[in-house]
4 protein chains.
Amino acid sequence: MVDLVIKNGTIVTAADVYQADIGVEGERIASIGHDLAGQEVVDATGYYVFPGFVDAHVHLSLPVGDVVSSDDFTTGTIAAACGGTTTILDFITPQPGQSLQEATIARRGEADGRVAIDYGLHLTAVDATPETLEALPELAAQGYTSLKLYTTYDMRLDDEQFLRLLAAARECGLLPLVHTENHAAIEYLKAGLLAAGKTGPRYHPLSRPPVVEAEAANRVLTLAGLTGTPVCIAHLTCRETLAAIEAARARGQAVYAEVCPQHLLLSVDDYDRPGFEGAKFVLSPPLRDRSHQQPLWRALANGGLQAVSTDHCPWTFEQKQRGRDDFTQIPNGAPGVETRVPLIYSEGVGKGRLSLNRFVEVCATGPARLFGLYPQKGTIAVGSDADLVLWDPEKEHRLTQESLHMNVDYSLYEDITVRGYPVLVMQRGRVIVRDNEFVGSVGAGRFLRRGLFRL
Amino acid sequence: MVDLVIKNGTIVTAADVYQADIGVEGERIASIGHDLAGQEVVDATGYYVFPGFVDAHVHLSLPVGDVVSSDDFTTGTIAAACGGTTTILDFITPQPGQSLQEATIARRGEADGRVAIDYGLHLTAVDATPETLEALPELAAQGYTSLKLYTTYDMRLDDEQFLRLLAAARECGLLPLVHTENHAAIEYLKAGLLAAGKTGPRYHPLSRPPVVEAEAANRVLTLAGLTGTPVCIAHLTCRETLAAIEAARARGQAVYAEVCPQHLLLSVDDYDRPGFEGAKFVLSPPLRDRSHQQPLWRALANGGLQAVSTDHCPWTFEQKQRGRDDFTQIPNGAPGVETRVPLIYSEGVGKGRLSLNRFVEVCATGPARLFGLYPQKGTIAVGSDADLVLWDPEKEHRLTQESLHMNVDYSLYEDITVRGYPVLVMQRGRVIVRDNEFVGSVGAGRFLRRGLFRL
Amino acid sequence: MVDLVIKNGTIVTAADVYQADIGVEGERIASIGHDLAGQEVVDATGYYVFPGFVDAHVHLSLPVGDVVSSDDFTTGTIAAACGGTTTILDFITPQPGQSLQEATIARRGEADGRVAIDYGLHLTAVDATPETLEALPELAAQGYTSLKLYTTYDMRLDDEQFLRLLAAARECGLLPLVHTENHAAIEYLKAGLLAAGKTGPRYHPLSRPPVVEAEAANRVLTLAGLTGTPVCIAHLTCRETLAAIEAARARGQAVYAEVCPQHLLLSVDDYDRPGFEGAKFVLSPPLRDRSHQQPLWRALANGGLQAVSTDHCPWTFEQKQRGRDDFTQIPNGAPGVETRVPLIYSEGVGKGRLSLNRFVEVCATGPARLFGLYPQKGTIAVGSDADLVLWDPEKEHRLTQESLHMNVDYSLYEDITVRGYPVLVMQRGRVIVRDNEFVGSVGAGRFLRRGLFRL
Amino acid sequence: MVDLVIKNGTIVTAADVYQADIGVEGERIASIGHDLAGQEVVDATGYYVFPGFVDAHVHLSLPVGDVVSSDDFTTGTIAAACGGTTTILDFITPQPGQSLQEATIARRGEADGRVAIDYGLHLTAVDATPETLEALPELAAQGYTSLKLYTTYDMRLDDEQFLRLLAAARECGLLPLVHTENHAAIEYLKAGLLAAGKTGPRYHPLSRPPVVEAEAANRVLTLAGLTGTPVCIAHLTCRETLAAIEAARARGQAVYAEVCPQHLLLSVDDYDRPGFEGAKFVLSPPLRDRSHQQPLWRALANGGLQAVSTDHCPWTFEQKQRGRDDFTQIPNGAPGVETRVPLIYSEGVGKGRLSLNRFVEVCATGPARLFGLYPQKGTIAVGSDADLVLWDPEKEHRLTQESLHMNVDYSLYEDITVRGYPVLVMQRGRVIVRDNEFVGSVGAGRFLRRGLFRL
């Protein structure tokens with residue numbers, strides 16, 4: 001007799017769909033079978049049982065200039081849990097003068113004890129000094145096994161720095177996750193737009209068109225080919241970047257990529273919303289015209305993209321006002337950690353764009369695998385953590401701000417009603433969400449010491 | 001306590017790799033967990049436990065003119081089992097004057113009671129008469145849920161017939177499996193070669209170059225796009241056909257494809273072997289130059305190809321002699337049903353071209369899913385048939401004719417030693433192969449009434 | 001002192017633009033220089049002097065079933081002349097039971113003595129019998145150096161016939177000009193539309209979508225690659241066919257293609273015109289959506305397409321009524337021989353899509369070169385025929401039916417005002433059009449015994 | 001009666017091939033016709049008469065560090081003339097601390113009075129300061145209408161500088177000519193090779209692989225797309241760069257490109273020549289493997305490439321010795337200004353890769369057009385400069401160092417015998433080369449004040 005049995009659900013993994021009971025001992029899945037007996041029993045009849053979902057790209061308490069993104073490690077992880085996500089990956093970003101190790105300690109200090117779900121941290125390299133390069137192997141050994149790199153913003157790195165960091169990443173097995181947009185091009189376009197009096201949110205996408213993203217992706221992938229480093233392209237948005245990725249793969253490179261729900265579902269049209277509403281959609285890379293969506297969905301379905309992440313980075317509408325007279329001053333980012341899984345299920349599985357298996361793969365197994373969390377996270381198998389989501393495929397939920405838990409005063413998806421929603425979320429065998437209410441304990445989330453990426 | 005426990009193996013599915021015991025009750029997997037107790041126990045320590053593999057393209061006892069392929073349903077299925085394959089799909093091909101239903105009954109008569117493993121049958125349409133079209137729904141309901149179509153040979157169909165059959169297949173949910181080569185082109189090229197005195201086996205590939213295959217694939221896929229029918233391209237061999245498939249997918253079509261080990265591993269160079277040795281490699285579509293292999297492996301790895309099949313159709317070297325003075329008279333086909341899985345494991349997983357998961361997907365889960373056998377076959381999950389292969393990843397095996405069980409007097413892979421081989425094969429809970437020896441019973445294999453293809 | 005001098009014009013060839021006088025002796029250009037003296041002088045100050053334009057695809061007096069296209073050799077060639085075209089190529093199409101030689105004699109009989117400008121004739125093969133194949137070399141030697149082939153209509157040929165004819169064409173140097181649309185696909189789609197009660201002109205394009213054209217192009221080009229025959233694709237309309245052509249070129253094949261003004265300028269939207277107006281635009285391959293136009297213009301500009309032809313084949317609106325209740329009964333074809341050059345100048349050169357040189361190349365030099373008329377026709381050089389067009393780049397002309405000379409009761413371009421029009425047209429030194437009025441003599445046009453195509 | 005008549009030659013332009021006499025008055029072509037009478041007559045019977053060829057990329061007296069390339073303005077232009085080239089374009093490159101205007105005056109001082117043929121000069125921007133940007137319009141007005149930009153070497157510019165210069169070039173109509181190779185990538189690769197003890201010439205191409213060139217091309221073209229500037233890519237070498245160009249064109253950009261004979265004809269194999277011989281072939285971008293040549297020839301034939309230039313920059317074998325122990329110290333560059341036209345004729349026209357017209361276009365008309373020299377240079381038309389080359393298509397010439405006039409002690413093409421060679425070269429009506437001997441006067445060449453590039 002095991003501690004807990006999830007009975008009669010339809011278990012879905014990246015490969016399988018079948019009906020069985022799941023037995024949990026302590027924090028892990030101990031057995032899968034029929035007629036399992038447990039101290040405690042949860043009835044999953046009529047529900048899918050999915051592995052707890054993994055969001056590999058989240059920014060909580062992110063300071064940008066003098067403002068800080070509105071979800072902290074507590075509010076953000078509670079919201080994630082309510083949406084079915086049981087693991088997030090956030091970022092360590094050294095401040096000026098701070099070493100990568102110092103930044104790591106500081107970031108752990110902000111998160112540990114305040115998280116409602118398990119979490120890990122990507123490193124971010126903001127320079128390529130010998131100190132930074134030397135810090136990487138030790139940090140990798142401590143479970144920080146991925147490395148965020150930027151081609152734009154203040155954290156941007158030039159080609160020479162990229163080459164050093166990519167080579168170092170290959171040496172110690174870190175997987176780079178790269179934000180690719182050409183910085184000089186953005187500055188040129190911004191200056192031109194502002195000079196022409198084009199200051200509203202609708203000009204944001206014109207300041208960062210698809211070619212600007214694809215150029216940087218092509219450059220980074222070329223350099224990664226020279227150093228022999230596998231790379232994951234962050235939040236790609238357009239067919240041009242897909243083409244750059246395909247070209248690198250055809251040269252034999254290992255290239256991975258994540259996409260965000262906003263780029264699959266929203267579009268430049270949203271920047272034209274009345275008043276300053278468009279500012280809510282100011283995020284980077286920006287929303288694109290709808291013609292990019294079908295190729296992205298197809299790549300998601302056929303294996304060209306490995307993960308759906310959110311780049312969750314909400315700002316209140318108040319905070320967005322900073323850019324009322326100048327779109328370049330609008331804090332970039334939007335909420336999403338809670339809505340990712342319901343949106344991809346409803347718009348993906350529900351509309352025939354993704355199979356159930358592929359949905360689990362891109363929302364759980366894929367990101368877990370890329371970032372060294374598998375098989376502890378990302379699947380339902382004997383020995384894996386009992387992170388489980390009971391999912392009612394018929395439950396409808398309108399994604400209004402009021403019905404969500406993210407600490408932000410609007411929703412990007414106010415008008416959308418999804419079909420399919422979590423009814424119960426469990427982490428390591430404990431129920432943490434029941435009927436859209438967080439019932440776990442803040443602080444129960446653990447830091448995940450991640451393994452190295454393996455293909 | 002279950003009937004049987006496979007203990008301590010490393011279970012591999014299309015998604016997962018983990019260590020656990022498998023409990024079998026009767027013919028099915030009843031539980032997966034640790035420390036399972038069973039009436040009988042098989043120790044799998046140090047072994048992978050794979051789902052029984054599925055070969056979706058096999059020709060046993062195939063009559064071509066006045067000769068018959070050398071493996072019959074007994075020898076062929078024993079050989080399959082020894083190579084780790086527990087399910088095959090063969091073909092029903094009406095003879096002149098025979099209806100599809102009559103051919104079905106006849107073929108069942110040849111197989112039932114003589115097969116060592118479970119099997120199913122594809123229908124073959126050799127015309128598009130109203131009788132044939134009307135027979136399809138009933139046969140689909142009886143578990144014959146796929147439809148072989150040819151663009152060449154005597155069974156070839158013209159564009160109008162294709163349109164009728166594709167439309168009918170869509171109506172009743174049959175998945176067409178299409179052999180694509182342009183018949184007129186082959187005849188033209190053959191005539192030219194023979195007229196020029198080019199009669200040896202080395203001219204076989206020149207009579208059916210890649211464009212001849214790709215043209216027919218493009219045509220069939222265009223027609224399938226018009227009728228809205230998903231299609232599986234049989235045994236593709238070249239990057240030109242891959243391009244035709246990619247183009248159809250970009251148009252939004254559902255297209256699947258299988259590839260054979262011989263096209264991944266052998267090449268036109270084999271036609272230049274001394275004497276008449278090249279005749280052993282005369283199969284169609286023919287072997288290509290090596291430049292096609294990397295794109296095929298990549299498509300297999302990244303999801304562009306769904307299945308590895310064999311097109312197993314052996315002829316003795318004696319039978320091949322018919323074409324000694326004229327390569328067009330050499331019976332087309334080669335042995336392969338036994339060597340498929342070890343070759344793909346050793347050359348794929350062993351050489352880093354495929355992950356373990358992807359290996360299982362293309363050799364088991366993928367073909368099972370395409371042809372309506374999943375989840376009964378193709379995976380290791382509670383409720384699935386207990387078709388299991390215990391695999392020693394260190395076992396070496398030289399693929400000589402003597403060490404294999406196929407009823408043919410040569411091996412295409414005499415010089416190749418694979419690393420990784422089955423040590424025990426089980427069908428529905430019964431051991432049928434132990435240490436490369438068939439220990440099951442002929443006739444124990446069952447006809448599989450297959451479901452409809454679901455994406 | 002020469003017979004005639006064209007003074008002070010700006011001479012434009014496929015390569016050059018320069019100001020000079022042209023001296024004509026008899027029927028040919030004798031000199032180019034400054035201050036030439038002549039018996040007669042034509043002042044071309046302010047005008048471009050272009051070579052007489054060549055329309056390589058015209059159907060005059062074309063019988064289809066029981067109707068005949070409305071322009072005969074006289075009205076059609078007068079209209080051509082008024083639009084700046086001094087050479088057309090029409091077709092010889094054997095009727096059932098007629099040999100190619102008989103058809104040739106018959107067609108010559110219809111044209112000789114009735115043409116207002118010089119003309120040549122393409123052969124059409126409607127079968128691949130030994131008689132037809134044997135007739136080709138002799139007819140080529142008589143100046144019939146191109147061969148129309150069809151994949152649809154009653155004249156359609158199957159793959160085997162194509163291979164024979166393509167091989168024969170290569171042998172005697174004939175350039176095949178191929179109409180590519182998949183016949184069976186069209187019949188399938190037509191039947192489906194009619195069965196669904198979709199009988200209006202707007203369903204015409206749905207019965208022959210781009211893939212139907214591209215599939216046949218790909219097939220024909222594949223076969224031509226096997227026989228080693230250069231091929232010209234007739235009136236391509238879509239990016240899919242362009243892709244098929246590019247693929248064949250990448251394989252090393254010599255492939256040429258022509259495009260028609262209607263496919264560059266009109267679109268499927270025209271089928272939605274009120275009432276039965278859409279029937280005027282029923283031609284095949286049909287008009288496409290506008291997204292195909294930019295790729296076609298680009299291919300025209302950059303050398304991917306070699307010629308602009310018209311496929312001129314007008315039917316009166318009365319004749320079009322036959323298909324009032326069934327779009328498949330509408331005679332296919334439209335007027336165009338007179339409007340081609342002004343449209344391509346105005347929409348091409350005038351809108352910056354084509355350089356002046358490229359305009360001359362695709363409307364004159366290119367078709368002349370492809371079909372063995374160069375250097376007699378298609379350029380302005382010493383020794384060439386004095387076929388010259390004086391062109392006023394500022395002259396505006398609204399393309400109404402009344403202002404045009406084609407024997408048909410409507411214009412496809414009623415609303416379009418072009419800028420740039422011929423003011424004087426000369427054939428072999430004689431003025432045949434002055435200010436949009438034909439002033440030559442019917443019967444003065446000559447049959448052109450064409451040379452073989454040379455790359 | 002004109003001053004000079006070239007009688008009975010076969011005149012070849014980018015569009016035409018025809019037999020006629022050419023009449024010259026003073027320095028220009030005055031008439032083309034038959035039976036022209038002149039004070040002086042040159043018999044061209046049996047010869048082609050080509051326009052004087054234009055080499056748009058030549059480096060004479062180029063200082064690199066403490067060495068200077070071995071041909072000066074006199075030896076280099078005499079050699080050019082002997083090879084049929086009557087116009088070259090060299091470069092103005094500011095030294096540190098020198099303004100663009102000062103550099104222009106200095107460079108004119110080195111060339112004027114010392115050139116044997118007409119010449120022009122490209123500007124080179126080595127920074128994007130306001131002073132440099134402001135100098136451009138004035139220099140453009142003085143006939144310096146093109147702008148060399150580098151992504152590597154000390155003259156390299158970063159993305160921001162590129163954007164400023166591209167925008168400025170668009171404003172004043174300058175055509176940028178861009179050397180594209182990723183600098184940081186080259187430095188990374190060089191360092192790795194040297195660290196591994198790989199110091200010989202054969203490692204040169206490994207330090208600058210195709211992707212390094214294509215990445216920079218893609219970046220520059222992306223930026224040029226944002227500024228709306230037409231761009232010419234200098235000396236491209238590989239299919240990857242061709243793909244980047246095609247992608248930019250598909251986005252609607254105006255992109256041009258030149259290729260050099262060495263990249264069409266030589267290959268990486270030449271770096272493996274015995275001893276230090278490989279050093280003779282050290283030039284950048286480097287020679288590639290032969291698989292790139294067919295795509296380059298095809299692009300040259302079909303209009304994808306507009307010009308064949310040489311990047312002539314010879315160093316004596318003595319000078320090359322500097323890099324005996326370290327390939328990165330070998331002065332980059334090779335001789336070519338004299339051999340370009342015979343090689344492209346013999347290997348291009350002679351081997352059926354280029355038509356006669358296309359040969360003239362890429363060696364004369366194309367570069368003249370791109371760089372504002374047309375119609376003064378680049379064609380044979382009334383009013384153009386009488387720069388003419390009489391060409392014996394049967395004359396054979398082995399390209400040994402002894403038979404050539406370039407001031408360098410080796411030839412890259414010692415083993416190659418071309419068929420087709422100039423027998424007489426004329427500039428502005430004066431004979432300057434007769435039978436491979438320079439008979440003109442040094443100093444008779446003129447500076448060409450070029451017009452703006454027009455499409």
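Good morning. The model is a prediction, in which local features need pLDDT of at least 70, side-chain atom pairs count only at pLDDT 80 or more, and totals for chains, interfaces and linings use all residues. Residues are numbered from 1 along each chain as its sequence is written, chains are lettered from A and ligands numbered from 1 in the order in which they are written, and side-chain values use heavy atoms, with hydrogens and water left out.

I begin with chains C and D. How many residues of chain D are in contact with chain C? There are 25 residues of chain D, and they meet 25 residues of chain C; contact here means heavy atoms within 4.5 Å. The size of an interface is often given as the accessible area lost when the parts come together. Between chain D and chain C about 1,900 Å² is buried, with 44% of it on carbon and sulfur atoms. Buried area is the accessible area, taken with a 1.4 Å probe, that two parts lose on being put together, summed over both.

The interface of chain D and chain C has 0 salt bridges, a salt bridge being a side-chain nitrogen of Lys or Arg within 4 Å of a carboxyl oxygen of Asp or Glu. It does have 17 residue pairs in polar contact, both residues being at pLDDT 80 or more. A polar contact is a pair of N or O atoms within 3.5 Å; within protein, one must be able to donate a hydrogen and the other to accept it, and residues adjacent in sequence count only if both atoms are side-chain atoms.

Which elements give two or more residues to the side of chain D that touches chain C? They are β2 (17-25), β3 (28-33), α7 (239-250), α9 (293-302) and α12 (356-370) of chain D. Helices (H or I, at least four residues) and strands (E, at least two) are DSSP runs, numbered from the N terminus. By class, that side of chain D holds 12 nonpolar, 9 polar and 4 charged residues. Ala, Val, Leu, Ile, Met, Phe, Trp, Tyr, Cys and Pro count as nonpolar, Asp, Glu, Lys and Arg as charged, and the others, Gly among them, as polar.

Strand β3 (residues 28-33) of chain C is joined to β3(D) by 3 bridges, and the two run antiparallel. Two strands pair if DSSP finds at least two bridges between them. One bridge sets C:Ser31 against D:Gly33.

Chains A and B come next. Their contact takes 25 residues from chain A and 26 residues from chain B, and about 1,900 Å² is buried between them, 44% of it on carbon and sulfur atoms. Between chain A and chain B there are 0 salt bridges and 17 residue pairs in polar contact, both at pLDDT 80 or more. Here β3(A) pairs with strand β3 (residues 28-33) of chain B in the antiparallel sense over 3 bridges, and A:Ile32 has B:Ile32 as its bridge partner.

What of the other pairs of chains? No contact joins chain A and chain C, whose closest C-alpha atoms lie 13 Å apart. Chain B and chain D likewise have no contact, and their closest C-alpha atoms lie 13 Å apart.

Let us now look within chain C. Strand β1 (residues 2-12) and strand β2 (residues 17-25) of chain C run antiparallel and are joined by 7 bridges, C:Val5 being partnered by C:Gly23. These two strands, β1(C) and β2(C), form a hairpin with 4 residues between them. In turn, β2(C) pairs with β3(C) in the antiparallel sense over 5 bridges, and C:Glu25 stands opposite C:Arg28. The hairpin of β2(C) and β3(C) has 2 residues between the strands, and C:Gly26 takes a positive phi near 60° there.

I close with some local backbone features. Most residues other than glycine have a negative phi, and most peptide bonds are trans. The peptide bond from C:Ser284 to C:Pro285 is cis, with omega near -5°, and C:Pro285 is in the loop between α8 (261-265) and α9 (293-302) of chain C. The bond from D:Tyr374 to D:Pro375 is also cis, with omega near 5°. A:Asp35, although not a glycine, has a positive phi of about 55°; A:Asp35 is found in the loop between β3 and β4 (38-43) of chain A.
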